[in-house]
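Please look over the model below. My notes follow as numbered points.

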Amino acid sequence: MTLVASANDEVTVNVLELICQSCAEHIVASCRQIEGVVSVKADRKEKLITLHFDSSLTTRERILAAVDDVVASIP
């Protein structure tokens, strides 16, 4: 996973594991469960995930760590 872009309440990461529809669905569903995440958008073609989050509830670093855990949990 590589951080591509970041703002106060948004991060975009490159996730090489966004290969098949099943993997993408697992990653998106799991990312939606991360505390503070408001929305998740995946682009399988570009292998990018954009997460919008409430910066009063969490930080960019926590979001990145949680996404890393999500990706690591893919069978």
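1. The side chains of glutamate 61 and arginine 60 form a salt bridge, with 3.4 Å from N to O. The rule asks for a side-chain nitrogen of Lys or Arg within 4 Å of a carboxyl oxygen of Asp or Glu. By this rule the count is one salt bridge. Glutamate 61 is partly exposed at 49% relative accessible area, and arginine 60 is partly exposed at 33%. (Buried is under 20% relative accessible area, exposed over 50%, partly exposed in between, with a 1.4 Å probe and protein chains only.)

2. On the basis of these values: this is a predicted model, where local features need pLDDT of at least 70, side-chain atom pairs count only at pLDDT 80 or more, and totals for chains, interfaces and linings use all residues. Residues are numbered from 1 along each chain as its sequence is written, and side-chain values use heavy atoms, without hydrogens and water.

3. Helix 1 covers residues 21-32. Helices are DSSP runs of H or I with at least four residues; strands are runs of E with at least two; both are numbered from the N terminus. Buried in helix 1 are Cys23, Ala24, Ile27, Val28 and Cys31. Seen down the helix axis, they fall within an arc of 125 degrees, so they line one face of helix 1. The arc is taken from the directions from the helix axis to the C-beta atoms. The face turned away from the buried side carries the exposed Ser22 and Arg32.

4. Threonine 50 lies in strand 4. It is buried, at 13% relative accessible area. Its side chain joins that of threonine 12 in a polar contact of 3.0 Å. (Such a contact is a pair of N or O atoms within 3.5 Å; within protein, one must be able to donate a hydrogen and the other to accept it, and residues adjacent in sequence count only if both atoms are side-chain atoms.)

Definitions and conventions. The expected span of a helix is 1.5 Å times one less than its number of residues.
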